[in-house]
Amino acid sequence: MSTICLYGSASGAIDPTHIDLARRVGEAIARRGHDFVYGGGGTSVMGAAEAAARTAGARTIGVIPRALLDVEQPPEGISELVVTDDMRQRKAEMDERADAFIVLPGGLGTLEELFEIWVARTIGLHTKPLAVLDSGGHYAGLRTWLEDLVARGFARPLVWDVVCWTEDPDEALDFLEQAPRERVMLPSSEAVGKFSDWPRDRR
Ligand SMILES: C/C(=C\CNc1ncnc2c1ncn2[C@@H]1O[C@H](COP(=O)(O)O)[C@@H](O)[C@H]1O)CO
């Protein structure tokens, strides 16, 4: 049993298919015997996933900054609610409690969370696996742009190796449960010389 951290939309203006997906993910997390940690809100993707996970028997933990308590009503019945002083402390608390991360369709808040955890994984700051549920091509444009960043040398090819992109909740959770937790090692600049001399698959 692990604790899965979920990131996803807080918006009430999105297509309901994303809410259906969130419910399926919440149920799958519970069915597989995992705990669930997230941003503590009661709306949209995040709220639907929490409610489904809790109803299906998971222990659910919400982590919310004090300032958001005014605009966001955490769900009644949530297993544990952690109130933090600010957004940074909130993300740190979620990260620490998580053994793995799953990202659903979302906006700027979700992207910020995705990039923070992804970058940290690619520079060896943690070894926790990350899966993105790219339902309905929500992240297609982002992926195309990132492929171009890799092609032009702004990002290393290995950034793709540490993320599972899928439309299937069970495939995402299989990955989170089975992915090797090997730390990405950054070669020291002395040992390898100039970055531009590295073989492409080592960058
Ligand atoms: C501004 C309003 C509500 C915001 N409510 C939130 N409650 C809890 N967590 C939130 C909230 N907004 C953002 N988050 C975190 O970011 C992700 C969602 O952001 P997105 O921009 O919608 O993608 C989510 O994972 C949370 O951790 C009033 O309506």
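**Helix packing and ligand contacts**

Q: Which way does helix 3 pass helix 4, left-handed or right-handed?
A: Helix 3 passes helix 4 in a right-handed crossing (the near helix is turned clockwise from the far one by less than a right angle). Helices here are DSSP runs of H or I, at least four residues, numbered from the N terminus.

Q: And what kind of model is this?
A: It's a predicted model, where local features need pLDDT of at least 70, side-chain atom pairs count only at pLDDT 80 or more, and totals for chains, interfaces and linings use all residues. Residues are numbered from 1 along each chain as its sequence is written, and side-chain values use heavy atoms, with hydrogens and water left out.

Q: OK, at what angle do the axes of helix 3 and helix 4 cross?
A: Roughly 55°, with the axes of helix 3 (residues 87-97) and helix 4 (residues 108-122) coming within 12 Å. Axes are lines fitted to C-alpha atoms over the stretch in contact, and angles run from 0 to 180 degrees between N-to-C directions.

Q: Switching to the ligand: which residues come nearest?
A: Of the 17 residues around the ligand, Glu72, Arg90, Gly107, Thr110 and Glu113 come nearest (near is a heavy atom within 4 Å).

Q: How far is a ligand oxygen from glutamate 113's side chain?
A: 2.5 Å, from an oxygen atom of the ligand to an N or O atom in that side chain of glutamate 113. Threonine 110 also has a side-chain N or O atom 2.6 Å from a ligand oxygen, and for glycine 107 a polar backbone atom is 2.6 Å from one.

Q: Back to packing. How far apart are the axes of helix 1 and helix 2?
A: 7 Å, and helix 1 packs on helix 2 (residues 44-55) at an angle of about 35°. Their crossing is right-handed. Helix 1 brings residues including Ala22, Gly26 and Ala30 to the contact, and helix 2 brings Ala48, Ala49 and Ala52, among others. The residues of the contact of helix 1 with helix 2 divide into eight nonpolar, three polar and two charged.

Terms used:
Helix = DSSP H or I, 4+ residues; strand = E, 2+ residues; numbered from the N terminus. Polar contact = N/O pair within 3.5 Å; in protein donor to acceptor, adjacent residues only side chain to side chain. Contact = heavy atoms within 4.5 Å. Nonpolar A, V, L, I, M, F, W, Y, C, P; charged D, E, K, R; others polar.
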